[in-house]
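Thank you all for coming this morning. Please take a moment to look at the sequence and the structure before I start talking.

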Amino acid sequence: MKLIRFGAVDAEKPGVLLADGTRLDVSAFGEDYTEQFFATDGLTRLKNWLSNNQASCPVVSNEVRLGPPTTRPSKIICIGLNYSDHAKESNMQLPPEPVVFFKATSAICGPNDPLIIPRNSTKTDWEVELAVVIGKRASYVSEEEALNYVAGYMLHNDYSERAFQLERAGQWVKGKSCDSFAPLGPFLATPDEIKDVHNLRLWLSVNDKMYQDGNTSNLVFKIPFLISYLSEFMSLLPGDIISTGTPAGVGLGQKPDPIYIKKGDVIKLGIEGLGESTQTAI
């Protein structure tokens, strides 16, 4: 099953995306894709509801804006330097344990919404990433059980302002949390939609020039380990997002000089099985 949310900003409605590309409005189901939805086995309940009600669901035009596939979660947890080639291009050591930081949930936007370059920004950068959505409360979860806690997967562009992130005092969160810095989607794919989450191509281009072209097989810390590891330090709540890191090819790592986003640039990205998105910088 593929979950979408559609409509105006802050007024999105829940929907599903069918295999043939048809978008259906499932507002009659009576729930949005919230923490409570996932916590109460909403995916199973929605699937069962659709088996009886799909024919009566209104079709949503492809012209209607897509919002983020889930409502605002309690937290976005990001993993840094989780591809060895990206650590190398960033001139940073491969970490012995996952590098963990947070991204403000106010950064979340729809997959094709504009990228707002922050005031006083000089080094806004791109990062295509696989995002994992937690399906039920996870605390002290074993690696062997970890994938049972996954509701699904999404495409995420972990935008970063490198001057804010690396040249200002304090933690990375300042460079990660600007408005529009977390476009999600176009949809959430449940685990049965993805044959092998650790063998997915992910890519990103800027103005039609390919900069990132990697594969999740090169993750340093795999998804079961990340879920287990994080659950030692905090409870992962239903709907929480874990963004798993980016492969080489970010603007910071370009040679001989870094390249950063400017107004008018068009950023396109995608992950095999998880769709594509486009953001235009304003």
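Predicted model: local features only at pLDDT ≥ 70, side-chain atom pairs only at ≥ 80, totals over all residues.

Residues are numbered from 1 along each chain as its sequence is written, and side-chain values use heavy atoms, with hydrogens and water left out.

Let me begin with the sheet, where four strands, in the order β15-β14-β17-β18, form an open sheet with antiparallel pairing. Strands here are DSSP runs of E with at least two residues, and helices are runs of H or I with at least four, both numbered from the N terminus, and two strands pair if DSSP finds at least two bridges between them. At the edges we find β15, residues 209-215, and β18, residues 275-280, each of which pairs on one side only. Strand β17, which covers residues 266-271, is joined to β18 by six bridges in the antiparallel sense, and if you look for Lys268, you will see that its bridge partner in β18 is Thr278.

Turning to the aromatic rings, how many pairs does a search of the whole structure find? The search gives 10 aromatic pairs, where rings of Phe, Tyr and Trp (its six-membered ring) pair if their centres lie within 6.5 Å, and planes under 30 degrees apart count as stacked, over 60 as edge-to-face and the rest as tilted. Phe29 and Phe37 have ring centres 6.3 Å apart and planes at 85°, so this pair is edge-to-face. Both Phe29 and Phe37 are buried, where buried means under 20% relative accessible area, exposed over 50%, and partly exposed in between, with a 1.4 Å probe and protein chains only. Ring pairs also link Phe29 and Phe37 with Tyr33, Phe38 and Trp49 into a cluster.

Elsewhere, Phe221 and Phe225 have ring centres 5.5 Å apart and planes at 20°, so they are stacked. Phe221 counts as buried because its relative accessibility is 11%, whereas Phe225, at 27%, counts as partly exposed.

Finally, please find Asn218, which lies in the loop between β15 and α6, residues 223-230. Asn218 is partly exposed, with a relative accessible area of 46%. Leaving aside neighbours within four places in sequence, Asn218 is in contact (heavy atoms within 4.5 Å) with Asn82, Tyr83 and Ser84.
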